[in-house]
Amino acid sequence: MRMYDIIMKKREGKELSKEEIEFFVNGYTKGEVPDYQASALLMAIFLKKMSKRETVDLTKAMLNSGEIIDLSSIEGIKVDKHSTGGVGDKTSLVLGPMVAACGLPVAKMSGRGLGHTGGTLDKLESIKGFKVALDKQEFIDNVNRHKLSICSQTADVAPADKKLYALRDVTATVDNISLIAGSIMSKKLAAGSNAIVLDVKVGSGAFMKDLDDAFELAKEMVDIGNSMDRNTVAVISNMDEPLGYAVGNALEVKESIDALLNKGPEDLMELCLALGSRLLVLGEVVSSAEEGRKKLIEVVENGKAYEKLLEFVESQNGDVDYIKTPSKLPTANHIVEIKSKDSGYIKSINAEDVGKAALSLGAGRETKESKLDLSAGIVLAKKIDAKVEKGDILAYIHGNDKSKIEEATQILYDAYTIGAKNTNAKKLVFGVVDSNDIKRF
Ligand code: URA
């Protein structure tokens, strides 16, 4: 078999066999297939697409490239949640403690920020001492003892995806349905949980910009999960503006603490309830999503979810004083107000641009080697549909470097569109896909 022939076959739009897909994935993981041939094939896949069968074979080849974690020593149904990537998306920090406080074990391997999208591990590292690199046994022990652990993906889990994702990131081949589905599902299946809720984001800050594409991606991932005996459900959610108000690592931790103290932004809480209630159903804690919502609201209101956050942070070596007194979290030297130049209604906030503004301040990585500024970011003061007068504050920039703040200011101004009132009500959840059904709301 030769890579040249595989690239040519896909370039002509033909279906690759299981053996050809395995030859590529295994060869690239071992370093036998060079980057230039892998890049050419990724671009051919991007342009000519993959069939459902090819996507399943790609997922399995990536899954089998490394270790499959055995969580059977943890009692009960273990659940996991994964987002396709967004701006201001701190749901894992809020949802994890909420679901664990309901007694359901959450075993989650998370990632770092990528491009304009944030990563849970970076956010958690704003808490002094917090340890994200756990070995397998520590991860299992933590889930057993505390019902919640969030750690970095070990090098042995889906190494093919690790290499391919880094290559896709620099060859403009991320936003393809088969490649995203294979990437996410190979990692989720390798991480060993029994049930998975996927948060498929759509909108200006998401990889999927089109609603039909987001439903297609959701269906593809749900089918892959269920075909491999993992109960998988996807929620399709709006990423046309950042989730909540805070974008940036420590700023998002602070907003998550507020949320668990029952003072969180409405959209963040609503999404946590939509995702969390489905997790509780899959974990057989409740029999309906409605019952799940009630249970989740209860653990926020009675303080159990907040206590679970403290317990979780302590279990991973984090300093709980940073949670009890959030002013201890890293803070920026400068906070700059961004004021509206016009009067009217906020028609749109380009979430990708807000993510890019945060990235330019140091909240994200320009290159894999970039060092993060955990204190940097943006806090929105107003979101879509709010009425504004000229001179009203739209957002605050938190930064430490004056030239970076200037750059972020320009990007942020361009992100806002002020105009006439929107006539369509904004929606947070567009639908749910499970093994039997595709529901559009
Ligand atoms: N998140 C992933 O893990 N993989 C992708 O391809 C896109 C988002």
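1. How far does a polar side-chain atom of Lys-187 lie from an oxygen atom of the ligand? In this predicted model, the separation between the polar side-chain atom of Lys-187 and that ligand oxygen is 2.5 Å. Taken alone, the ligand exposes 240 Å², and the protein buries 94% of that area.

2. Two further polar approaches to the ligand deserve mention. An N or O atom in the side chain of Arg-168 is 2.8 Å from an oxygen atom of the ligand. For Tyr-165, a polar side-chain atom lies 3.4 Å from a ligand nitrogen atom.

3. The surroundings of the ligand may be described residue by residue. His-82, Thr-84, Tyr-165, Arg-168, Ile-180, Ser-183, Ile-184, Lys-187 and Phe-207 surround the ligand. Sorted by class, this shell comprises four nonpolar, three polar and two charged residues.

4. Which element gives the most to the shell around the ligand? That element is α9, with four residues.

5. The charged end of Lys-163 sits over the ring of Tyr-28, at 4.5 Å from the ring centre. Likewise, the ring of Tyr-245 has the charged end of Lys-383 over it, 5.5 Å from its centre.

6. How many aromatic pairs does the structure hold? The structure holds one such pair. In general, a pair of aromatic rings is described by the distance of the centres and the angle of the planes.

7. As to overall organisation, the domain assignment divides the protein chain into domain 1 (3–48), domain 2 (79–155 + 174–324) and domain 3 (331–419). The centres of domain 1 and domain 2, taken over C-alpha atoms, are separated by 32 Å.

How values were computed:
Residues are numbered from 1 along each chain as its sequence is written. This is a predicted model: local features need pLDDT of at least 70, side-chain atom pairs count only at pLDDT 80 or more; totals for chains, interfaces and linings use all residues. Side-chain values use heavy atoms; hydrogens and water are left out. A residue is near a molecule or strand if one of its heavy atoms lies within 4 Å of it. A polar contact is a pair of N or O atoms within 3.5 Å; within protein, one must be able to donate a hydrogen and the other to accept it, and residues adjacent in sequence count only if both atoms are side-chain atoms. Accessible areas come from the Shrake-Rupley method with a 1.4 Å probe; for residues, only the protein chains shown count as cover. Helices (H or I, at least four residues) and strands (E, at least two) are DSSP runs, numbered from the N terminus. Ala, Val, Leu, Ile, Met, Phe, Trp, Tyr, Cys and Pro count as nonpolar, Asp, Glu, Lys and Arg as charged, and the others, Gly among them, as polar. Rings of Phe, Tyr and Trp (its six-membered ring) pair if their centres lie within 6.5 Å; planes under 30 degrees apart count as stacked, over 60 as edge-to-face and the rest as tilted. A charge sits over a ring if NZ of Lys or CZ of Arg is within 6 Å of the ring centre and within 35 degrees of the ring normal. Domain bounds come from an automatic or database domain assignment.
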